[in-house]
Amino acid sequence: QGSNRITGPSTLAKSGSGTLTHATTGGHDYTGDTNVTAGTLALGAANALSPNSELILSSGATLDLAGNSASAATLTGAGAGTSATAATLSAGGDLAFAFAGSLGGAASLAKTGAGTLTFTGTSASTGTVQGDGGTFQVGAGSTDGSLGSTSATIAAGAALVFNRSDALVQSGNFSRSSASGTASLRHQGA
């Protein structure tokens, strides 16, 4: 278990098949990657990741929010994000990035900032996907990417875009998170 503050150009790396629980009493501000190549990185406290770090979840690796919300600059890879109880992973900024992994348990994923998150993975989460800024795009023009029954909330000025080459049925609810402004729901592709 780690609980010291990480700062500067440092990197947080998790490898091996076990679970590393990372907790913090102060906010991290490291600018290196948070790279989970195998096993599980479990968060033992809220904001245990740096909002300045790219979160990379390799295929087969897991980020367990464990009921603790956190932020990262971007989210990439093909691993899994999960939480047994409600928690949100926020990722964004003005960058474009892609995540091909899965979202499960009660985990929510929030896209922040003006950039675009292209989600080509699958979601079985009872949480929500949130477009708090920029574009949350499901699919990249093929048949990949699905929210399943996960609900989506889109803020004013943000967009939820489905870019798939086939017909797709989404059973989750879609809503606007603010009473004023315009949120966008679009379909691209076939």
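Is phenylalanine 119 counted as buried or exposed, and at what relative accessibility? At 2% relative accessibility, phenylalanine 119 counts as buried, because the cut-off for that class is under 20%. The model described here is predicted.

**Aromatic rings**

- The structure contains three aromatic pairs.
- In one of them, the ring centres of phenylalanine 99 and phenylalanine 119 are 6.2 Å apart and the planes meet at 35 degrees, so this pair is classed as tilted.
- Distant parts of the chain are linked by this pair, since phenylalanine 99 belongs to strand β11 (residues 97-99) and phenylalanine 119 to strand β14 (residues 116-119), 20 residues apart.
- Phenylalanine 99 has 3% relative accessibility and therefore counts as buried.
- Phenylalanine 119 also forms a tilted pair with phenylalanine 136, with 6.2 Å from centre to centre and 45 degrees between the planes.
- Phenylalanine 136 lies in strand β17 (residues 135-138) and phenylalanine 119 in strand β14, so the pair ties together parts that are 17 residues apart in sequence.
- Both phenylalanine 119 and phenylalanine 136 are buried.
- Through these ring pairs, Phe99, Phe119 and Phe136 are joined into a cluster.

**The open sheet**

- Six strands make up an open sheet with parallel pairing, in the order β2-β4-β6-β9-β12-β15.
- Strands β2 (19-22) and β15 (122-123) are at the edges and have a single partner strand each, so one side of each lacks a neighbour in the sheet.
- Within the sheet, the parallel strands β9 (residues 80-82) and β12 (residues 102-103) are joined by two bridges.
- Serine 102 in β12 stands opposite alanine 80.

Terms used: Residues numbered from 1 in each chain as written. Predicted model: local features only at pLDDT ≥ 70, side-chain atom pairs only at ≥ 80, totals over all residues. Heavy atoms only, no water. Pairing = 2+ DSSP bridges. Helix = DSSP H or I, 4+ residues; strand = E, 2+ residues; numbered from the N terminus. Phe/Tyr/Trp six-rings, centres within 6.5 Å; stacked < 30°, edge-to-face > 60°. Buried < 20%, exposed > 50% of the residue type's maximum accessible area, 1.4 Å probe, protein only.
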